[in-house]
Structure formats: structure tokens, C-alpha cells
Amino acid sequence: MHRSLLTPLVGLLALSSPLPFAHAEDAEPATADARAAETPAPLAEIDEHVVVYRNEGEYTPFPNLYQLPDDTLITQFSGRGSRRHIDTINQKVHRLRSTDGGKTWSAISKSDPLPPLPAWEVAPDNWVRVRDEGWIHVDISRQAELEAGGYRFRKVNDTTLAHQSPYILVNRSTDQGATWSEERFRAPDYVVGLYHHFSAHTSLKTSDGTLIRVLYGTSKGHSKQEVFIVRSEDQGKTWQVHRVQPEGSGEMGFNESAIIETADKRLLLVMRPDPEGYLWQTFSDDGGKTWSEPVSTGVIGHPPHLLKLDDGRLVLSYGYRRRPLGVRASISDDNGKSWKVAQEIVLRKDGEHRPADVGYPTTVVLKDGSFFTIYYITLEDNVTHIAGTKWRLAPHR
């Protein structure tokens with residue numbers, strides 16, 4: 001079916017009937033007996049894939065996802081004419097809503113404040129959020145200055161460079177997000193620049209009230225990025241910055257991450273590595289001040305999102321940028337100490353495009369116990385768009 005250029009498709013259902021149980025591998029053993037003996041029981045059933053937003057000629061990555069108490073879902077993402085992730089000069093912001101668990105989506109006003117993340121809400125009339133300054137665009141004539149200062153920068157176009165800033169912004173709202181004040185403070189002197197992954201993945205209010213935001217960036221004397229923990233023990237009045245790697249990054253660097261408090265009250269941080277491959281993880285037993293030596297999860301993909309279920313199990317979802325490209329998830333039933341990699345849940349495996357451009361998922365659990373995972377994906381037609389998958393876990397035994 002032909003569609004004209006720049007005509008968006010919003011909320012189109014790609015599949016309407018349940019799909020088979022999701023397995024990590026397509027190949028099956030030769031016999032049923034061998035299959036039963038060698039293949040672990042599938043962990044999930046895929047219900048359907050949904051196109052959330054697709055517009056030929058528009059590149060739409062990085063969907064944020066918000067879930068309201070009544071299961072209304074809101075996503076916000078940017079649309080661009082360029083695939084350059086730091087080229088935000090002419091981007092458009094889209095905001096859509098679903099009231100049927102992610103099946104259909106419609107555009108909504110961008111003038112109303114977005115719902116708060118649970119980590120932001122210190123009290124009903126006191127919201128606090130922490131963020132970096134993002135990519136700062138400067139004239140290309142300042143390249144020598146940035147190099148001398150050790151800044152991490154990229155070329156946006158022939159006249160513009162973008163660099164990361166070492167400053168952290170703290171915003172406060174006393175009117176449920178209608179207006180925000182802003183304070184600005186510098187990270188420790190060894191930090192050269194900071195950036196962020198999705199707020200929902202990297203913001204946390206622990207069971208004892210500690211506020212945490214995970215950022216990543218570059219420090220003096222290190223070429224690879226590392227992860228920083230920005231934390232407050234006094235409801236956001238004061239903040240401290242802690243390194244996950246005490247001596248900074250070495251041969252292994254880390255950047256985009258996800259954080260969660262496990263059922264046994266430990267903090268779990270899953271990180272995208274540099275060089276890329278398996279996701280790595282680390283634990284903190286003191287509220288994020290210090291962290292264990294990072295270890296591989298055995299899970300291939302990036303970047304991560306973590307979700308804790310009511311029964312304590314963890315769902316780790318991530319983009320998969322090896323063939324077949326797509327989106328996957330793994331389950332832990334021991335508070336993140338191990339992941340059921342042999343029973344990896346394949347949510348999508350039909351992605352295309354080189355270089356690989358797919359992922360950045362967020363997963364939520366709905367009132368009926370089903371899951372909705374949102375992400376961006378590029379298929380054979382080379383149109384990068386926002387999509388989602390509705391799925392269910394097999395009964396927990």
C-alpha cells in the first residue's frame with residue numbers, strides 16, 4: 001500500500017492475532033523428545049506488535065514512556081530529518097496517548113505538563129528532578145578550545161560542534177509540574193562532561209527516601225566514559241556525586257544505564273559497555289555511594305531498562321543490534337544475581353538497516369498483568385519509527 005511522503009501513521013496495528021511463544025533461537029531439535037529435553041520452557045507469549053508513530057521522511061528515535069495510575073500511557077519523542085543523534089536543531093517533539101494498553105495511539109497537546117516520575121515526587125506538592133545540560137552547540141571555530149579543555153565533542157554539521165557540560169541542573173516544582181525553578185552546580189573538578197539516558201531508566205527514590213539520578217560522562221585523564229551517581233539524602237536540598245568506578249574508566253568504559261532497587265533492598269545498576277557487547281552490572285549496598293566490581297550479565301544488547309514485578313522478579317529489556325536485529329528481554333528471579341539468558345524473550349527480530357538502528361526500549365506492566373514495551377525500530381523500508389509490543393509472561397512457578 002503506497003502512502004505519500006510525510007503522511008504519519010499513528011496507532012496502526014501490525015498484528016492482531018497472538019504469535020507463538022518467543023524463543024531465543026529459531027532452530028528446533030529434530031524430535032519432540034529432544035526438544036523437551038534440550039529447550040527450556042518459553043517464558044513469554046507475544047500478543048501483537050503495534051506501530052505507535054511512523055512518518056516517511058522523518059527519523060523518530062528514543063521514545064520516553066509514562067504510565068498513569070489508570071493505565072493510560074503517554075509517550076514523547078522527537079522527529080528529525082537527520083539520523084545524527086545530536087542534531088536537534090530542527091527537531092519536532094511529538095506526544096501521543098493510549099488508553100487501551102498501547103494498542104492505539106493519538107496525538108495530544110504538548111502544552112500540558114508531563115506526569116511526574118515516581119522518583120521525582122518528594123511530596124504531593126514538591127517535585128524534584130535532576131538532569132545534565134545536554135549537548136551544547138557552539139561554533140566550529142571553538143574546536144581547539146574544546147580540545148584543550150578535554151571536552152567530549154562531536155561535529156553536528158559544517159559550522160557547528162556539540163559538547164557535553166560538567167554542570168548539573170536541579171529543577172523544583174511546587175505546582176505539580178506546571179512551572180519549575182532551576183539551580184545549577186558543577187560536578188567535581190575531575191568531571192569534564194555529563195550526559196543522560198532516559199529519566200525513567202535512571203531516576204530512583206529508594207525505600208529510605210534517597211533520591212538518585214544516574215548520569216554518565218567523561219573525566220580528566222580518561223578517554224572512555226564512566227557512570228556517575230548523583231544522590232541526595234535530604235529530599236533534594238543538597239546533592240553529592242559518586243563514581244561507580246572509583247578510579248575512573250579503564251579499558252572498559254560504561255555509559256547508558258538503568259537502575260532499580262531490588263526486593264532485598266540492594267541497588268542494581270545495569271550498564272552499556274564501551275567496547276560494546278554484553279551488558280554489565282554492579283550492586284550497591286550503601287544506597288549508591290559505593291559499587292561492586294562490574295561484571296558481565298551474559299546478556300547481549302543495549303541500552304537497558306529494568307522493571308521490578310510485584311513478586312520481586314526483574315525484567316531487563318534491551319535493543320539487540322546483531323542479526324536478527326530487534327528487541328529482547330531477560331528475566332531474573334534472584335534479584336539480579338543471574339539472568340535467564342537461555343530463555344531470552346525475543347520481542348522483535350525483524351529489524352534492518354546498517355548501521356543498526358533499533359532499541360531504547362521501556363517496558364511497563366499493565367493492570368491485567370500483561371506487558372507493553374515501546375522502542376524504535378527500522379525495517380526493510382528504512383523508515384525508523386516508534387513501535388511497541390504487547391506480551392505476557394508464562395505463569396510463574
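Modeller: Let us begin with Gln 235, which has a relative accessibility of 41%. Please keep in mind that this is a predicted model, in which local features need pLDDT of at least 70 and side-chain atom pairs count only at pLDDT 80 or more, while totals for chains, interfaces and linings use all residues. Residues are numbered from 1 along each chain as its sequence is written, and side-chain values use heavy atoms, with hydrogens and water left out.

Colleague: Why is Gln 235 called partly exposed?

Modeller: Buried means under 20% relative accessible area and exposed means over 50%, with partly exposed in between, using a 1.4 Å probe and protein chains only. Gln 235 has 41%, and therefore it counts as partly exposed.

Colleague: What makes the phi of Gln 235 worth a remark?

Modeller: Most residues other than glycine have a negative phi. Gln 235 is not a glycine, and yet its phi is positive, at about 60°. The residue sits in the loop between strand 17 and strand 18 (240-243), where strands are DSSP runs of E with at least two residues, helices are runs of H or I with at least four, and both are numbered from the N terminus.

Colleague: Which class does Lys 265 fall into, and why?

Modeller: Lys 265 has a relative accessibility of 56%, so it counts as exposed. Its phi is also positive, near 70°, in a residue other than glycine, and its place is the loop between strand 19 (253-261) and strand 20.

Colleague: How do you know whether Arg 231 is buried or exposed?

Modeller: The relative accessible area of Arg 231 is 3%, and so this residue is buried. Arg 231 belongs to strand 17 (residues 226-232), and its side chain reaches the backbone oxygen of Gly 287 at 2.9 Å. Its contacts, meaning heavy atoms within 4.5 Å, include Trp 239, His 242 and Asp 286, when residues up to four places away in sequence are not counted.

Colleague: What class does Arg 152 belong to, and why?

Modeller: With 26% relative accessibility, Arg 152 is partly exposed, because that value falls in the range set for this class. Arg 152 is found in the loop between helix 2 (143-149) and strand 10 (153-155). Among the residues it touches, leaving out those up to four places away in sequence, are Trp 135, His 163 and Thr 218. The C-alpha atoms of Arg 152 and Thr 218 are separated by 7.0 Å, although the two residues are 66 apart along the chain.

Colleague: What makes strand 23 and strand 24 a pair?

Modeller: Two strands pair if DSSP finds at least two bridges between them. Strand 23 and strand 24 (residues 314-320) have six bridges, in the antiparallel sense, and therefore meet that condition. One example is Lys 308, whose bridge partner in strand 24 is Leu 314. These strands belong to an open sheet of four, in the order 23-24-25-26, with antiparallel pairing.

Colleague: Why are strand 23 and strand 26 called edge strands?

Modeller: Strand 23 (302-308) and strand 26 (345-351) each pair on one side only, and that is what the edge label records.

Colleague: Which peptide bonds are called cis here?

Modeller: Most peptide bonds are trans. The bond joining Asp 274 and Pro 275 is cis, with omega about 10°, and the bond from Arg 323 to Pro 324 is cis as well, with omega near 0°. Pro 275 lies in the loop between strand 20 (267-274) and strand 21 (278-284), whereas Pro 324 lies in the loop between strand 24 and strand 25 (325-332).

Technical notes
A polar contact is a pair of N or O atoms within 3.5 Å; within protein, one must be able to donate a hydrogen and the other to accept it, and residues adjacent in sequence count only if both atoms are side-chain atoms.
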